[in-house]
Amino acid sequence: MSDTFASKIDEQVERLRQHSLGEIEAAVTRKRLDWLERKFPGGSDSGIHSPRQAYELLFFDYMGLNEKEQPVVEENPDEIIWLSSNPCPTLEACRLLAMDTRKVCRAAYEKSTQAFLSKLDPRLRFLRSYSEIRPFSPHCRERIVRVDFETNMAAAIEEALISIEEGNQGYGAVIAHGAQILSKAHDTAVIEKDPSLHAEMNAIWQAVKVYGDANLSGCLLFSTCEPCPMCSSLAVWANLTGIVYGASIEETIWLGKSRIQVSAKEIVEKSPVLLEVIGGVLKEECLRLYNRQI
């Protein structure tokens, strides 16, 4: 073990002792985004939009690792999968502190890695297998997937149309983990006489059952309309990685919908978790759901 690597382990031990995982996540996120700002100053387009390009920038350019330590095992234009086996200060620090890497890496390093990718292209999503992670496995199985936002939003729109047919308010939602759709749902508040049964609420409830975990970190919520404060708050408590919506609250108010004028971003900014909010995906198609003439 080199003196340099040993010092990195010591630093990580102290970091884990002195700071919460949320504080570490925030610090790592700032560090990674600052590096990207220096690399691509002024917010200019990096030109990096493929999983392969993002993988190389993250591991070779930013982290200074080599491909032998991150062998690619599967690849296509929309996904790259590799097995990390590089010397890892976090792994060694967790061993020394008897901490579980599944908890530490998910809470401190998953979303901070995603923030790095989202700065390049928000459609690039970082996913890690927590059943194949060191020291419980010889390697850490990780991947970057390019998610088709429009396909997922189209599925949410289909749910909204079902909602209208049933006599509900016409909202649809989808929860996706990478390219996999975990749940599709629409609002059922009218027919079930329960005001809490918004599309997002139903989709999150279903996704938790399918995923087998109340922590939906790594998952995206797609909604035909910007979620209300209740649903945005539930997205926070489910620890989703992102909210992607079509029409905004303000736009649907203009079309005659009764909405609470608190944006999803306002909820997220005051929350304890890192959660992206992306609007305007298939906006015109979503707005047509809420036109007064429908």
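# Reading contacts and burial in this model

Me: Which residues is R125 in contact with, leaving aside its neighbours within four places in sequence?

Reply: Contact means heavy atoms within 4.5 Å. Under that rule R125 is in contact with Q114, L117, S118, R143, I144, V145, V147, L220, T241 and E276, leaving aside neighbours within four places in sequence. This is a predicted model, in which local features need pLDDT of at least 70 and side-chain atom pairs count only at pLDDT 80 or more, while totals for chains, interfaces and linings use all residues. Residues are numbered from 1 along each chain as its sequence is written, and side-chain values use heavy atoms, with hydrogens and water left out.

Me: Is R125 buried or exposed?

Reply: Buried means under 20% relative accessible area, exposed over 50%, and partly exposed in between (1.4 Å probe, protein chains only). R125, at 2% relative accessibility, counts as buried. R125 lies in strand β3 (residues 124–128); strands (E, at least two residues) and helices (H or I, at least four) are DSSP runs, numbered from the N terminus.

Me: With which side chain does the side chain of R125 make a polar contact?

Reply: A polar contact is a pair of N or O atoms within 3.5 Å; within protein, one must be able to donate a hydrogen and the other to accept it, and residues adjacent in sequence count only if both atoms are side-chain atoms. The partner of R125 is the side chain of E276, at 2.7 Å.

Me: Where is I243 found, and what does I243 touch?

Reply: I243 sits in strand β8 (residues 242–247) and is buried, with a relative accessible area of 0%. Beyond residues up to four places away in sequence, I243 touches L221, P227, S232, A235, L275, E276, V277 and I278. I243 and F222 are 21 residues apart in sequence and 6.1 Å apart in space, C-alpha to C-alpha.

Me: Which residues of α1 are buried, and why do they line one face?

Reply: In α1, F5, I9, Q12, V13 and L16 are buried. Seen down the axis, the buried residues of α1 fall within an arc of 105 degrees, so they line one face of the helix; the arc is that of the directions from the helix axis to the C-beta atoms. On the other side of α1, D3, T4, R17 and Q18 are exposed. Cover for the buried residues of α1 includes α2 (21–39), α4 (89–97) and α5 (101–120).

Me: Where is R259, and which side chain does a polar contact join to R259?

Reply: R259 is in the loop between α10 (249–254) and α11 (264–269). A polar contact of 3.3 Å joins the side chains of R259 and T252.
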